[in-house]
Amino acid sequence: MTSPSASPSETVSSETSGESGALASAEGKVPVTVLTGFLGAGKTTLLNHILTAEHGRKYAVVVNEFGELGIDNDLVVDADEEVFEMNNGCICCTVRGDLIRVMGRLLRKKDRFDGIIVETTGLADPAPVAQTFFVDETVRDKARLDAVVTVVDAVNGLETLKQQPEAINQIAFADVIILNKCDLASEAQQQAMFRAIRQLNSVAPVHKAVRGDVRLTDVLDRGGFDLNRALANMPAFLEEGEGAHHHAHEPPHDHEHDHDCQAHGCTQDHDHAHDHISDSGISSHSFTLTEPLDEKRFQAWIGLLLQEKGADILRAKGILHFRGEPRRFVFQAVHMMAEGGFLPPAKGGGKGGDETSRLVFIGRHLNGAELQRGFERCVAA
C-alpha cells in the first residue's frame with residue numbers, strides 16, 4: 001500500500017507542433033485549461049485527443065496522479081521530455097504548492113508554448129485548483145484560467161455521484177462538461193446522466209463524446225471561466241484557507257437548482273473536511289515488477305479479481321511487459337470494465353532494456369498485500 005506525500009517528480013512537458021505563443025492573450029497571459037473528472041472518466045483520453053489533433057499549437061501539460069507510481073505520463077501521447085508529472089498526492093490539497101511551483105517554472109519560459117493543460121487526479125476538487133490562478137500573485141499576473149473542463153462517465157457517472165462528493169464538485173464547478181463513453185451507455189443512461197448534470201450545473205455546455213472525440217473549439221479557448229459564478233457557488237473562493245476548500249454536496253436532489261445553496265435555502269449537509277481522500281477511505285496501491293509477466297496468468301488473475309472485487313476498484317491501470325513481447329501492454333479498468341492494448345516499445349525498452357511492469361489500484365477496502373501476491377504470481381516461469 002502507498003501513502004501519498006507531497007513530493008512531485010518532474011519528468012517531462014508535452015506539445016503539438018505549431019507557432020509558439022500565438023494564443024497568449026493581449027495582456028500576455030498564458031491560457032490554462034484545467035481538465036478534471038472522476039477516476040476512469042476518460043481525462044487522459046481527452047488529453048491525448050487534444051494533443052494529437054491538427055491545430056498547430058503547442059501545449060505544456062501538467063499531470064497529477066493519486067499514488068506514488070505515475071502511469072498517466074506513459075499514457076500521454078508524445079510525452080517525450082515535455083510533461084510535468086506530479087505524483088503522490090492530490091493537486092487540490094497536498095501538492096497544491098507544487099502546482100504553483102511548476103506553474104512558476106513554466107511561466108518563466110512561456111514563449112515556448114501556446115497554453116497549459118492541467119490534468120487533475122480523479123479525486124480532485126477543481127475549486128482549489130482554480131483558486132490558484134487568482135490568489136497566487138505570480139500565476140495570476142502571467143496566466144489566465146480559460147476553463148474548467150469536466151469529463152463525466154456516461155456509464156458509471158450516476159453511481160459515482162451517489163458515493164463521491166468529489167464527482168459532484170467536479171460537475172458543479174465545470175465551465176464545459178464532456179459526457180464521455182456514450183458508445184457504451186444506453187440512451188436512457190445518457191438522459192439520466194444529463195438530468196443529474198443539470199441538477200448540479202444548469203449553465204455549462206454538455207458535449208457527448210466517444211473516447212473524448214470532441215471538437216477542440218468545445219474545450220479550448222473558451223474564455224469560459226466565470227469568476228462571478230464561482231463566487232456565487234463559493235463566496236470564499238478568493239480567500240485562502242479552509243473556508244475556500246471542499247464545498248462538497250450530497251448527491252443531486254430530485255429538484256432543479258442552480259447550485260447557489262444559500263440563495264435557495266438548501267439544507268443539505270456540507271463537507272468541509274480538509275483531507276478528502278483520507279476521509280473517503282480510498283487508498284492507492286502501487287506495484288512494480290522487474291521480471292517479465294506471463295500474459296495468460298495476468299489475464300486470468302485480473303479477470304477474476306475484477307469479477308470479485310470490481311465494485312470496490314474505482315480505477316486500475318498499468319504498463320506491463322509480457323515475456324516474448326517487445327511492446328508494452330497498457331491495462332485500464334473502471335470497476336468491472338477493463339480494456340487493454342499494446343503500445344510501441346519505450347525508448348530503451350525491449351530486449352536488454354527496461355522491462356519493468358507497473359500496476360496501480362485505487363479503491364476502497366483493498367488488501368494491498370493480497371494484490372501484491374496476486375501480481376507477483378503473474379511473473380513468467
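Biologist: Is Arg140 buried, partly exposed or exposed in this predicted model?

Modeller: Arg140 is found in helix 5, which spans residues 137-142. The relative accessibility of Arg140 is 33%. Buried means under 20% and exposed means over 50%, so at 33% Arg140 counts as partly exposed.

Biologist: Which residues does Arg140 touch, not counting residues up to four places away in sequence?

Modeller: One of them is Lys29, which is 111 residues from Arg140 in sequence. In space, Arg140 and Lys29 are 8.6 Å apart, C-alpha to C-alpha. With that limit on sequence distance, Arg140 touches Lys29, Phe133, Phe134 and Val135.

Biologist: Where is Asp221, and what is its phi?

Modeller: Asp221 lies in the loop between strand 7 and helix 9. Its relative accessible area is 36%, so Asp221 is partly exposed. Phi is positive here, in a residue other than glycine, and is near 55°.

Biologist: What is the phi of Arg211?

Modeller: Arg211 is found in the loop between strand 7 (206-208) and helix 9 (227-233). Arg211 is a residue other than glycine with a positive phi, and the value is near 50°.

Biologist: How do the directions of helix 12 and helix 13 relate?

Modeller: The axes of helix 12 (residues 295-309) and helix 13 (residues 368-376) come within 9 Å and cross at roughly 155°. Angles over 145 degrees count as roughly antiparallel. The crossing therefore makes helix 12, relative to helix 13, roughly antiparallel.

Biologist: How many nonpolar, polar and charged residues does the contact of helix 12 with helix 13 have?

Modeller: From helix 12, the residues that meet helix 13 are Phe298, Trp301, Leu305 and Lys309. Their counterparts in helix 13 are Glu370, Leu371, Gly374 and Phe375. By class, the contact has 5 nonpolar, 1 polar and 2 charged residues.

Biologist: Which strands stand at the edges of the open sheet of 5 strands?

Modeller: The strand order is 8-12-9-10-11, with antiparallel pairing, and the twist averages 10° from one strand to the next.

Biologist: Which residue in strand 10 is the bridge partner of Leu320?

Modeller: Strand 9 (residues 313-320) and strand 10 (residues 328-334) run antiparallel and are joined by 5 bridges. In strand 10, the bridge partner of Leu320 is Phe329.

Biologist: At what angle does helix 13 run to strand 8?

Modeller: Helix 13 lies across strand 8, strand 9 and strand 12 (357-364). Relative to strand 8, the helix runs at about 25°.

Biologist: What percentage of the residues in the protein chain is buried?

Modeller: The secondary structure of the chain comes to 13 helices and 12 strands. Among contacts between residues at least 6 apart in sequence, 78% join residues at least 24 apart. Of the 381 residues in the chain, the buried share is 57%.

How values were computed: Residues numbered from 1 in each chain as written. Predicted model: local features only at pLDDT ≥ 70, side-chain atom pairs only at ≥ 80, totals over all residues. Heavy atoms only, no water. Axes fitted to C-alpha atoms, helices over the stretch in contact; angles between N-to-C directions. Helix = DSSP H or I, 4+ residues; strand = E, 2+ residues; numbered from the N terminus. Parallel < 35°, antiparallel > 145°, perpendicular 65-115°, else oblique. Contact = heavy atoms within 4.5 Å. Nonpolar A, V, L, I, M, F, W, Y, C, P; charged D, E, K, R; others polar. Pairing = 2+ DSSP bridges. Buried < 20%, exposed > 50% of the residue type's maximum accessible area, 1.4 Å probe, protein only.
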